[in-house]
Amino acid sequence: MDVLQMIIYVTLILGFLVFIHEGGHYLASRAFGVRVTEFMLGLPGPNIGFKKWGTKFGVTPILLGGYAKVCGMEPGPMSPHLKEVLASIYTRGTANMEDVAADCGISDDEAYEALEELVEWGSITGPRKSDQYNTYRAAEVEPTKAQVRKAESAGLPTPQGYAEGQGRPVPDAQQLFDSEYKQQYRSLPFWKRTVILLAGIAVNLLFAIVLFIVLFSFMGIDMQNPTTGVMQHVVLDPLQAVQFGFAYIGMVIQAVASLFNPATAAETMQNSASIIGIAAMSKDAVDAGLVSALQFIAMISVSLGIMNLLPIPPLDGGRFVVEAFQKVSRRSVSAKALNYLSMAGMAVFVMFFLVMANQDIQRFVFGNW
């Protein structure tokens with residue numbers, strides 16, 4: 001029963017914190033007009049939900065976290081055939097890869113590359129399992145209320161909606177391409193892409209600060225007096241609570257940085273915990289009451305945010321480093337290079353996890369520490 005409770009508690013806590021982290025990416029993307037095709041509670045996989053504002057909101061079977069599918073984040077140069085391929089699909093509504101290649105006078109491989117990039121853009125939908133061939137469909141278009149009101153106020157015809165796979169007129173292929181491109185992450189200037197990348201981290205840290213204010217300014221918290229050693233109930237004003245929150249964030253930053261210092265790495269890893277330790281501590285925190293649970297959630301939210309700042313792909317900090325490199329060097333990082341960097345980053349995290357997991361098993365399972 002204890003193990004089941006630990007699994008439930010850690011799933012709820014980490015799932016919620018990752019979900020609001022992805023919510024930060026979603027809100028920042030939409031604020032800058034970037035298309036987000038999916039925003040899900042749970043890890044990628046089969047899902048159920050509803051579609052609103054061009055985004056499918058829903059839930060997946062594995063509720064450990066969440067994700068936002070921001071369009072146009074794939075690295076590398078764009079296909080040179082996107083404009084004509086997009087026009088072909090929109091005119092036909094539904095077409096096989098070979099049909100598009102024939103329309104545009106390009107090879108099947110070139111058509112496939114462009115089609116898959118447009119799928120990633122959310123401009124078209126990819127082949128279904130039931131399709132016999134590589135069949136692609138124009139995306140569903142539903143005019144927003146704002147677009148309808150704007151047309152009515154200007155005395156123009158009401159914008160027409162189209163179902164997925166339905167053909168539609170393309171009077172100007174360049175205009176169609178431009179309207180789709182401006183809804184992509186890659187179309188934004190560097191500072192806006194940076195905001196989107198770091199928005200999830202900001203949400204985690206802001207959420208922790210809010211919890212610290214609630215804990216210290218409204219509920220109060222029992223702390224040990226460093227001079228007398230006596231436990232006392234402490235209530236701080238909101239500004240002091242915020243200062244405490246930023247001080248704690250600074251401590252976590254120092255701890256994470258010390259993982260990469262050979263002189264302090266061993267000690268820091270010994271004092272750190274893997275998902276196993278977090279699960280055990282989550283049960284202890286919840287069992288200790290509301291104040292302890294909220295304090296634990298705030299601490300994990302800070303840790304999650306700061307860990308995502310590490311300059312290692314595929315973390316947000318790693319993606320930011322790639323964006324900064326591209327800005328300074330004026331060169332694009334290829335998808336192949338980013339994959340290699342991501343694999344190297346994952347190798348580092350696997351190493352950290354194995355060491356910390358062994359510590360947690362010794363500590364919490366066998367009670368050796």
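Tutor: C71 has a relative accessibility of 0% and therefore counts as buried (under 20% relative accessible area, with exposed being over 50% and partly exposed in between, for a 1.4 Å probe and protein chains only). C104, at 18% relative accessibility, is likewise counted as buried. The number of disulfides is 0, a disulfide being a pair of cysteine sulfur atoms within 2.5 Å.

The model is a predicted one, in which local features need pLDDT of at least 70 and side-chain atom pairs count only at pLDDT 80 or more, while totals for chains, interfaces and linings use all residues. Residues are numbered from 1 along each chain as its sequence is written, and side-chain values use heavy atoms, with hydrogens and water left out.

The protein has 369 residues, of which 40% count as buried. Its secondary structure comprises 13 helices and 9 strands, taken as DSSP runs (H or I of at least four residues for helices, E of at least two for strands) and numbered from the N terminus. The C-alpha trace spans about 80 × 50 × 45 Å along its principal axes. Of the contacts (heavy atoms within 4.5 Å) between residues at least 6 apart in sequence, 63% join residues at least 24 apart.

The helix pair consists of α10, residues 275-287, and α11, residues 290-307, whose axes lie 7 Å apart at an angle of about 150°. Axes here are lines fitted to C-alpha atoms, for helices over the stretch in contact, and angles run from 0 to 180 degrees between N-to-C directions. The two helices are therefore roughly antiparallel, a class for angles over 145 degrees, as against under 35 for roughly parallel, 65 to 115 for roughly perpendicular and the rest for oblique. The crossing of α10 and α11 is left-handed, that is, the near helix is turned anticlockwise from the far one by less than a right angle. On the α10 side the contact is made by I278, M281, S282, A285 and V286, and on the α11 side by S292, A293, F296 and I300. By class, this contact has 7 nonpolar, 2 polar and no charged residues; Ala, Val, Leu, Ile, Met, Phe, Trp, Tyr, Cys and Pro count as nonpolar, Asp, Glu, Lys and Arg as charged, and the others, Gly among them, as polar.

Each helix also has a residue with contacts elsewhere in the sequence. K283 lies in α10 and, at 12% relative accessibility, counts as buried. Leaving aside neighbours within four places in sequence, K283 touches D2, Q5, M6 and Y9. In α11 lies L304, which, with the neighbours within four places set aside, is in contact with L17, V18 and N204.
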